[in-house]
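I opened my notebook for a slow look through this model. Here is what I looked up, in the order I went.

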Amino acid sequence: MFSKSLMGLMLIGFSCLAQAGEMEIRESFAKNLPDVKVGVITKLPYAGLYQVAFNGANIAYTDEKGEVGLFGNLVNIKSKINLTQLEKEKLTVVDFAKLPLDKAIVRVKGTGARKLALFSDPECPFCQGIEKELESVTDVTIYTFLLPLADIHPDSLRKAQLVWCAKDRARAWEDMLVRQKEPEDSNTNCETPIKQLAEFAAGNWINGTPGVIFTSGKLLFGNQPHEIIEENLGVAVQ
């Protein structure tokens, strides 16, 4: 039977090895992949692998020296669980309570009891698609944050400004994305929160649209079908 002191020494030794591996990995990534921002490094319990979070919610696997890298999905063969996807979901959790709701376009459907947030670009075709999916979702409050990605959609900033400066922002948003109709009563000289929202998005690694955030903190990207939206919203409280 191992003594407590011997067990303690073994744990200390393992910790030191893990820390040594982490230092070498960080040095290797900094030297060979200077554009990569390394986050948390975790020693995995199999195959001598280290898991490296980088540039937000991206994951790579490497050896203890950071000499080789695997950029792909790690799957548990027995359970068929995508371990990489599980880790990405942990990394992309967004605290719903910290969202700048005062800078959102608010739409209330039915009781509005359930809540979701949406980072969206008025020119993004997937954003237009998710709006159509949301048409069948009831009893929900939707907080839409304008995130025009001008590098991809050159006219998105102008359209976002038009929506924010309209008298009825919620209607203007739906008109533009669902009916491809621009608001006629917009004052484009009004002050918008677009810059602040872009900074918030960057700080939370929301780098694509649409980005859907649920009260659980779960963040999903892309045109999600209404079934997935309903599943994550849960049952409305009457």
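**Overall make-up.** I began with the secondary structure and found seven helices and nine strands in the chain. I keep in mind that this is a predicted model. Of the 238 residues, 40% are buried. I then checked the contacts between residues at least 6 apart in sequence, and 63% of them join residues at least 24 apart. For the surface, I noted that the chain exposes about 13700 Å², with 56% of that supplied by carbon and sulfur atoms.

**Strand β7.** My next stop was β7, residues 140–146. Is this strand enclosed or open? Seven of its seven residues are buried, so the rest of the structure largely encloses β7. I sorted the side chains by direction: V140, I142, T144 and L146 point one way, while T141, Y143 and F145 point the other way.

Which strands pair with β7? I found β5 (residues 105–109) antiparallel to β7, over five bridges. Strand β6 (residues 114–120) runs parallel to β7, and seven bridges join the two.

**Q51.** I moved on to strand β2 (residues 50–54), where Q51 is found. Is Q51 buried or exposed? Its relative accessible area is 9%, under the 20% cut-off, so I logged Q51 as buried. I wanted to know what its side chain meets, and found a polar contact with the side chain of E87 at 3.3 Å. Leaving out residues up to four places away in sequence, Q51 touches several others, including V40, I41, L44, I59 and Y61.

**Cysteines.** How many disulfides are there? I counted one, and it joins C165 to C190, with the sulfurs 1.9 Å apart. The torsion about the S-S bond is about -85°, so I wrote the disulfide down as left-handed. The pair links distant parts of the chain, 25 residues apart: C165 sits in the loop between α4 (156–164) and α5 (169–178), and C190 in the loop between α5 and α6 (194–203).

I compared the cover on the two partners: C165 is buried at 9% relative accessibility, whereas C190 is partly exposed at 26%. Last, I looked up two further cysteines: C124 is buried at 2% relative accessibility, and C127 is buried at 0%.

Terms used. Residues numbered from 1 in each chain as written. Predicted model: local features only at pLDDT ≥ 70, side-chain atom pairs only at ≥ 80, totals over all residues. Heavy atoms only, no water. Helix = DSSP H or I, 4+ residues; strand = E, 2+ residues; numbered from the N terminus. Buried < 20%, exposed > 50% of the residue type's maximum accessible area, 1.4 Å probe, protein only. Contact = heavy atoms within 4.5 Å. Areas by Shrake-Rupley, 256 points an atom, 1.4 Å probe, with all protein chains shown as cover. Polar contact = N/O pair within 3.5 Å; in protein donor to acceptor, adjacent residues only side chain to side chain. Pairing = 2+ DSSP bridges. Disulfide = S-S within 2.5 Å.
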